[in-house]
Amino acid sequence: MILGIETSCDETAVALVTQDGEVLANVVASQAELHARYGGVVPEVASRRHLELAAPVLTEALEQGKATLDDVEAVAVTYGPGLIGALLVGLSAAKALAWSRRLPLHPVDHLHGHVSSLYLQPEPLEPPFLCLLASGGHTLLLDVRSHAGYDVVGTTLDDAAGEAFDKGARLLGLGYPGGAALDRAARNGDPGAYSFPVARVPGFDFSFSGLKTALLYAVRDLPADELERRRADLAASYQRAIVRALVERTRAAAAERASEQIAVVGGVAANSELRAALGEAALAPLDLCTDNGAMIASAARFTHGLPFPEYLALDAYATAA
Ligand code: KG4
Ligand code: ZN
């Protein structure tokens, strides 16, 4: 079995996955509450928390999978992109585990990890497909032709979709990280109440910063009690604009590339309106949308591992090349 470790942002996550893609254990310790008071992830705080959580989360994953380290045949770890201090904690833990047991180490790209959440049991997806990857840090359209990689078709020119959700939630007083809270608030609102514009940039790229500003203006002019009354409508209208932009671009890219399958992964793939709007798409299971170790172990099934002890000098990277 493969041990997968993910610490690129504010989730400390460890999972055990078989070569066939069966998830034997998947433990995620979210630091969201720790960062909420700052309204965003504080990198230094995240790194320190990963240090505290790495060992207990590993122990819990082994317990959940009824396994010991003797059962682990390979270690997989996210080595980028992400917060560099946070990544280094996971990478160091992975190196120590792999080295002490003479195991191979698979360095996994976080984005390939998100895509690989689709390759897990019980319903593994087979390439080719057009993949929308929408998370707090990334919004990408990917042409996936093999399990091992993909071509980038489009990306965001400014904010990521999850970032747009989080910033919108903050403006509406829904806390941090607000994607899921905004999703819930929107259920009681009228998506037609406000007309928020979505930038139509050329090609298959996205832009969400103008939308955020439009919401800022709408909220700024409202007295506090009025904001309270209109919150659900604002949330529903704002969410509608993001989802529409994502769905339109994804379908257009799939048509242009003659892709017969569409898939959606990443934290924003948990959004209920997006899931309903792209009913024809393969959707990552809810518990595998946000960051987790299972998707990292899954990616390692399709990439080369570095044999012992070649990985000791391996470095993490903050941004995608
Ligand atoms: O994939 P992920 O865990 O982390 C990154 O790699 O960035 O994605 C986290 C993002 C956050 O921005 C969060 O607000 C968003 O996913 N998110 C949602 C929902 N659940 C999580 N956005 C919209 N609707 C949701 N239900
Ligand atoms: Zn992620």
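Reply: Let us begin with the ligand, keeping in mind that this is a predicted model. Of the 18 residues around ligand 1, the ones that come nearest are G136, D166, D183, N271 and D291.

Me: What makes the approach of D183 to a nitrogen atom of ligand 1 a polar contact?

Reply: A polar side-chain atom of D183 lies 2.9 Å from that nitrogen atom of ligand 1, and a pair of N or O atoms counts as a polar contact within 3.5 Å, so the name applies. Taken alone, ligand 1 exposes 560 Å², and the protein buries 88% of that.

Me: Why is R231 called buried?

Reply: R231, which is found in helix α8, has a relative accessibility of 17%, and buried means under 20%, so R231 counts as buried. Its side chain is joined to that of E228 by a polar contact of 3.0 Å.

Me: Why is E44 called partly exposed?

Reply: The relative accessibility of E44 is 46%, which lies between the limits of 20% and 50%, and therefore E44 counts as partly exposed. E44 has its place in helix α2, residues 43-64, and its side chain makes a polar contact of 2.8 Å with the side chain of R48.

Me: How do you know that the span of helix α8 agrees with its number of residues?

Reply: Helix α8 runs over residues 224-256, and at 1.5 Å a residue its 33 residues should span 48 Å; the C-alpha atoms at its ends are 46 Å apart, so the two values agree.

Me: What makes β7 and β8 a pair of strands?

Reply: Two strands pair if there are at least two bridges between them, and five bridges join β7 (residues 139-146) to β8 (residues 149-155), so the two strands pair. They run antiparallel, and a hairpin joins β7 to β8 through two residues.

Me: Which residue in β8 is the bridge partner of L141?

Reply: The bridge partner of L141 in β8 is G154.

How values were computed
Residues numbered from 1 in each chain as written. Chains lettered and ligands numbered in written order. Predicted model: local features only at pLDDT ≥ 70, side-chain atom pairs only at ≥ 80, totals over all residues. Heavy atoms only, no water. Helix = DSSP H or I, 4+ residues; strand = E, 2+ residues; numbered from the N terminus. Expected span 1.5 Å × (residues − 1). Near = heavy atom within 4 Å. Polar contact = N/O pair within 3.5 Å; in protein donor to acceptor, adjacent residues only side chain to side chain. Areas by Shrake-Rupley, 256 points an atom, 1.4 Å probe, with all protein chains shown as cover. Buried < 20%, exposed > 50% of the residue type's maximum accessible area, 1.4 Å probe, protein only.
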